[in-house]
Structures are given as structure tokens and as C-alpha cells.
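Work through the following exercises with the sequence and the model at hand, and try each task before reading its solution.

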Amino acid sequence: VTNLSPDGFFHYVNNVVGTSIVVTPETAQTLNAVYACVNLITETSTLVSPKIYRHDLIGKVQVNNHDQTPLLTRSANENTSSIEFEKNWIAAYLLYGNGYGEIERYARTARPNKYINIKNEYVQKVIIDNGVKKYIVKEPGKEARVIKSENMLHLCDLSMGDLVGMSRISQNRGTLKEAGIIREYSNDMFENGSNINGYIYNDKAAAGPEALELIRKSKNNKKGTSILPHGFRYEQLRYNLALADAQTIEAKKLSTEDIARIFRTPLSL
């Protein structure tokens with residue numbers, strides 16, 4: 001039964017299904033378009049092996065025996081390959097707005113000997129102390145510690161004058177929530193085998209409770225006969241595809257385009 005405007009479908013979906021949608025970087029990854037964009041960008045970034053160059057009087061010369069080459073091309077630390085480190089670092093940047101990687105150094109030479117990913121939730125605060133940028137990190141089961149900027153690889157997304165980047169997920173929460181709403185609605189619709197063959201409408205004022213109750217009883221009539229209150233008419237859909245199905249498919253296309261735009265990813269990919 002409907003007295004809705006053409007966007008009534010989306011009004012219903014937002015109010016009935018959308019109340020359960022919570023958009024976070026974790027839940028956003030369950031959207032296939034978000035996961036595909038992040039996966040595409042991180043995989044593409046690791047296709048080219050990093051190279052180290054030295055600038056001298058004759059110009060730029062590639063250095064093949066640099067002490068950082070193993071960390072950049074093979075193992076960032078004993079538990080993480082260089083590719084895994086870079087993918088996690090960039091993925092955190094895309095989802096949270098900030099990618100953090102700690103540089104662990106040799107005590108005697110101060111040369112880097114490990115690159116370690118740090119989760120965003122562990123970085124509690126970023127401050128400027130005596131002109132030096134510092135990161136306050138608190139890991140589970142450990143005391144809070146301070147990491148200077150010289151020992152932190154910080155990949156920062158767009159920032160409005162702050163010390164940390166803004167998350168694309170939080171900045172586009174409405175778009176991602178709509179995509180999640182459409183997904184939940186379509187899953188529920190197809191799992192329950194629902195299909196819209198027609199609709200009952202009233203050109204006049206909104207139907208009262210007595211008229212709605214009569215329509216419900218008529219719909220559940222096992223004898224197959226239906227009686228509509230005065231002023232109501234039944235209209236069969238003229239399309240092979242149900243209206244809700246068509247709108248759902250179109251909404252999915254639009255949400256995919258919006259997500260690709262957020263991550264600046266070509267729609268064809």
C-alpha cells in the first residue's frame with residue numbers, strides 16, 4: 001500500500017533498514033566497491049620495487065648496495081615482508097586518513113633496521129613539542145611512549161591545518177551508509193523471495209487505519225479474492241523487472257560510482 005512520492009522506496013529503505021547501518025573504516029571494507037578500490041591502489045603501489053638513488057656531481061645514480069635496500073625490497077621486519085608493510089601502510093592511509101610506520105634503529109649507528117606498522121587506534125595524539133612533531137603511542141599491555149617524527153613514517157591524507165589527516169570514510173559517511181543500506185535491503189529482499197508485481201494506490205488523502213486493515217485482510221484471503229476500499233485501485237507493473245529491483249540495481253550502480261570517486265579510482269577497474 002502506498003501514498004509515497006517517487007522517492008518513497010529510498011524513504012522506506014532509509015527508515016526501516018538504514019537505522020542499523022554504522023559506517024566505520026572496518027564496516028566500510030565489507031562493501032565490495034570500497035574493498036576493491038583499496039585493494040587496487042595498494043596492489044598497484046607495490047608493483048614497482050623501490051629504488052635508492054644518490055645525487056652527486058654527475059647527477060642521479062642508482063645505488064644497488066645501500067643498507068636500506070633489504071628493508072625496502074624484502075623484509076621490513078622479521079614478521080612482515082616489505083610488500084605487506086607497504087600495503088598495510090597505504091590501506092590505513094586510505095581508510096583512516098593516516099598511515100603510520102615506526103622506524104626502529106640500531107643503537108650504535110642509528111641506522112634503520114626495521115619498519116613496523118602501527119595501528120591507527122594506537123596513536124592517541126600527535127603534538128608539537130619545542131618545534132618537534134611527536135606521536136604518543138599506547139599499545140595494549142604496554143605503557144604509552146613518545147615517537148619523534150624522525151622515527152615515524154606518517155602518510156597523511158587531506159588535512160585542514162591539523163597534524164593528522166581526515167578519513168575519507170568519515171568524510172563520506174552518508175554515501176557509504178547509503179551503499180550499505182541498499183546492500184542490506186537487496187539481501188533481505190532476495191533472501192526472502194519478495195517480488196513486487198503491482199501496487200495499490202489512492203489518489204486522494206492518506207488511507208485511514210480501517211481501510212488499511214481491510215486491504216491487509218484481503219491480501220491474506222486464501223480464496224484468492226480481493227476487496228479494496230472505495231477510492232483504492234490496483235495497478236500491475238508494466239515491466240518484467242519489479243520496480244524495487246530496478247531501483248535497487250540502479251542505486252547499486254550509483255553507489256559504486258560514488259565510492260570510486262572517493263578513492264579516485266577509474267570506474268572500469
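**Exercise 1: Cysteines**

Task: classify Cys 156 as buried, partly exposed or exposed from its relative accessible area.

Solution. Cys 156 has a relative accessible area of 33% and is therefore partly exposed, where buried means under 20%, exposed over 50% and partly exposed in between, computed with a 1.4 Å probe on protein chains only. Cys 37, at 7% relative accessibility, counts as buried. The structure holds zero disulfides, a disulfide being a pair of cysteine sulfur atoms within 2.5 Å.

Before going on, note that this is a predicted model, in which local features need pLDDT of at least 70 and side-chain atom pairs count only at pLDDT 80 or more, while totals for chains, interfaces and linings use all residues. Residues are numbered from 1 along each chain as its sequence is written, and side-chain values use heavy atoms, with hydrogens and water left out.

**Exercise 2: Aromatic rings**

Task: how many aromatic pairs does the structure hold, and which residues form one aromatic cluster?

Solution. The structure holds three aromatic pairs, counted when the ring centres of Phe, Tyr or Trp (its six-membered ring) lie within 6.5 Å, with planes under 30 degrees apart called stacked, over 60 edge-to-face and the rest tilted. In one of these, the rings of Phe 85 and Trp 89 have centres 6.2 Å apart and planes at 15°, so this pair is stacked. Because Phe 85 and Trp 89 are four residues apart in helix α5 (residues 82-96), about one helical turn separates them; helices (H or I, at least four residues) and strands (E, at least two) are DSSP runs numbered from the N terminus.

Next, the ring centres of Phe 85 and Tyr 115 are 5.9 Å apart with planes at 35°, so that pair is tilted. Since Phe 85 belongs to helix α5 and Tyr 115 to strand β6 (residues 112-118), the pair ties together parts that are 30 residues apart in sequence. Phe 85 and Trp 89 are both buried, and Tyr 115 is buried as well. Phe 85, Trp 89 and Tyr 115 form one aromatic cluster.

**Exercise 3: A leucine and its contacts**

Task: which residues does Leu 40 touch, not counting residues up to four places away in sequence?

Solution. Leu 40 lies in helix α3 (residues 32-45) and, at 24% relative accessibility, counts as partly exposed. With contact taken as heavy atoms within 4.5 Å, Leu 40 touches Thr 265 and Leu 269 once residues up to four places away in sequence are left out. Leu 40 and Leu 269 are 229 residues apart along the chain, and their C-alpha atoms are separated by 8.1 Å.
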